[in-house]
Amino acid sequence: MNSIPSKSLWIRRQQCPCGDWKCYITYEGDSDEGSGGQELVKAEKASSGAMITPYVGMVFKSDDEAFEYYGNFARKNGFSVRKERSRVSPQLGIYKRDFVCYCSGFAPVKRKPNGEHHRDRKSVRCGCDAKMYLSKEVVDGVSQWFVVQFSNIHNHELLEDDQVRLLPAYRKIHEADQERILLLSKAGFPIHRIVKMLELEKGIQGGQLPFLERDVRNFVQNRKKVVQENEALLTEKRENDISELLEACKAMKEVDGDFVYDFTVDENDKVENVAWSYGESVNANAMFGDVVYFDTTYRSITYGLLFGVWFGIDSCGRTVFFGSVLLQDETPQSFSWALQTFLRFMNGRCPQTILTDLDPGLKDAIRSEYPGTKHVIPPWNILYKVPSWFSLPVGPRYAEFKSVFDALIQIENTEEFELQWRDMISVFGLGSDKHMDLLYSVRASWAQSYVRGYFLAQMATITYSKSIDAFLKGIFAAQTCLRSFFEQVGISANIQHQANQETHYMHLKTCIPVEEHARSILTPFAFNALQQELLLAMQYAASEMANGSYIVRHFKSMDGERLVIWLAEEEQIHCSCKEFESSGILCRHALRVFIIKNYFQLPDKYYLSRWRRECSLLIDDDHNNQGTDGEWFQECQSLAETLFSESSITKERSDYARIQLTKELTRILNEVRNLPDTDGVLMNMTVSPTG
């Protein structure tokens, strides 16, 4: 019996949001998730390049490297190779390797138990003498493999390119194609239809896949057999590992009183869903929970669980971990439980905006559980899916379509968006396309014309997306069980919380007093964003209207003008671009008007608390009342961060802070060392999520 995999494998969700099993999603930019078609192209490119014929004395770093090289050489020259013999010594281990042509030797004669011959099958082995023999030597302490014999003389016909690719050694079904084949097989597709579907999706002619129909059939049959054999073992492993996960949560709760977790069970008392968060995450959410990103892109092959993570962004632009959840399925009911649990963990604080992937079930759950929250699907979550959905329907016009679609996302007027959408559907003949219907049904969550003005705190950017991907890939690296997975989540969360913003001098780039004043208030991340807008504001002209408002336009562009409404009595400013409503940073158009009005300082209301330096000193009232032993450590850490930020503005400040801080810390340390070693009170100095 085959054993279950020793590692918990996590992959991106591949089922299409449209709900059709015939569809799946590929992700541009993920080199480790390339399709079999891409691998075929790479192999063809490699084979078309110049390759040196192996020779006696040729050196390789390893025998695997030598076999790969010989295999590439063989493919280019119309044959394949296999490993023949190896020799082992106690000192060197394997020290000789024989690689031979696939036609080397002769097939043994097989007999049935009664002495009769098996049914004769023609063997490809014909005693070919083509070979490459290697020997290992240790040179200056480094093992190297030398070619000691080589022959490229064959006693059989060599194959052409379109034939050699069909040799068994080269007929490989790559991982991405395996997942697709299993998906189509599960949907009830016969083998010949699966092959045809793969050819259509890759845009290649019939018979050009790097494997045959019988390879697909054998793969499906073998996989079904493995699944049947492992089903009972997988069920037992899943139950045991989830029990260990809950034990780990219970142990963490004993170490960290602020740690929170919850789970649900089914009618058979089996655990379905598990969610958890840390005390520091709850405190961070109290300051930065106005915008939350709920990532649900990965699921476990081993356990069949969907992994969800809640993220935020702090005042320094760093990704903040809020909590995580493992879900049994992807139904609206499971998503609703996850959202309810997160809200309970965060002391009932509902986010102003939530960002998610395109998932109709999740969208319905958000509408039900967070009725007052704005739901946004970031542009990257839409653009990732566009090639998979539309490259085939629009064919050779895909590049033109992609350009039109990219421009459509950025349209700011809803009426213009609707008009351009209808034109795009008509021009490219996509009136009956199900993916177009899906995108249009959720346009209010992703099109700029609809989400403009929603507060996003600069989280709907590619830079933020990459930081999330880096966090997730750190978690999914070689996890063997759910308990170690849980521990890795805690380690990654701790790294996120404890990451220090690099202190640096924030140079002034203009002579505008507003810039100098902003530098003393905002964190470096927020100040850099405002500073960039100030620099761009110099390129805009403002024309005052009769009602006191302004029309602001770029000096080189006659279109794209912005209306800036100025209310002098309240010192309020509103720009039609709605950048301040979206990011909390004033736009270049509004700043231009403030400069014209001779403002030396921006009104205090335009410095949001989440972007201020002192926001890291804010501590949730509930956390203050808990009086934990590690609280004073967090306060000191926040004060230290503020001190470093303030002292980094000028060299004089930096020198003074360094001298005085060294003196005071030395004095305090000496006094602490003179105090008694113990007073009978046990101190718990645990401050990290992992305890």
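A residue is called buried when its relative accessible area is under 20%, exposed when the value is over 50%, and partly exposed in between (1.4 Å probe, protein chains only). In these terms, both Y70 and F73 are buried.

The structure is a predicted model, in which local features need pLDDT of at least 70, side-chain atom pairs count only at pLDDT 80 or more, and totals for chains, interfaces and linings use all residues. Residues are numbered from 1 along each chain as its sequence is written, and side-chain values use heavy atoms, with hydrogens and water left out.

**Aromatic pairs**

Rings of Phe, Tyr and Trp (its six-membered ring) pair if their centres lie within 6.5 Å; planes under 30 degrees apart count as stacked, over 60 as edge-to-face and the rest as tilted. The structure holds 35 aromatic pairs. Two of these pairs are set out below.

| Pair | Centre to centre | Angle between planes | Class |
|---|---|---|---|
| Y70 and F73 | 6.5 Å | 20° | stacked |
| F307 and F485 | 4.9 Å | 80° | edge-to-face |

The second pair links distant parts of the chain, since F307 is in strand 10 (residues 306-313) and F485 is in helix 17 (residues 482-498), 178 residues apart. Helices (H or I, at least four residues) and strands (E, at least two) are DSSP runs, numbered from the N terminus. F307 counts as buried because its relative accessibility is 1%, and F485 is likewise buried because its relative accessible area is 1%.

The first pair lies within one element. Y70 and F73 are three residues apart in helix 2 (residues 63-76), and therefore about one helical turn separates them. An α-helix has 3.6 residues a turn, so residues three or four places apart point the same way.

Ring pairs also link W389, F390, Y398, F401, F405, F417, W421, F428, Y440, W446 and Y450 into a cluster.

**Helices 12 and 13**

The contact, meaning heavy atoms within 4.5 Å, brings E400, F401, V404, F405 and L408 of helix 12 against F417, Q420, W421, M424 and F428 of helix 13. By class, eight of the residues in this contact are nonpolar, one is polar and one is charged. For this count, Ala, Val, Leu, Ile, Met, Phe, Trp, Tyr, Cys and Pro are nonpolar, Asp, Glu, Lys and Arg are charged, and the others, Gly among them, are polar.

The axes of helix 12 (residues 398-410) and helix 13 come within 11 Å and cross at roughly 170°. Such axes are lines fitted to C-alpha atoms, for helices over the stretch in contact, and the angles run from 0 to 180 degrees between N-to-C directions. The two helices are therefore roughly antiparallel to each other, a term used for angles over 145 degrees.

E418 also belongs to helix 13 (residues 414-428). With a relative accessible area of 14%, E418 is buried. Leaving aside residues up to four places away in sequence, E418 touches Y440, R443 and Y450.

Helix 7 (residues 279-288) is mostly covered, with eight of its 10 residues buried. Among the buried residues are G279, E280, V282 and F288.

N347 lies in the loop between helix 8 (332-345) and strand 12 (353-356). The phi of N347 is near 60°, a positive value in a residue other than glycine. N598, in the loop between helix 21 (588-596) and helix 22 (621-626), has a positive phi of about 60° although it is not a glycine. N598 counts as exposed, at 61% relative accessibility.

Conventions. Parallel < 35°, antiparallel > 145°, perpendicular 65-115°, else oblique.
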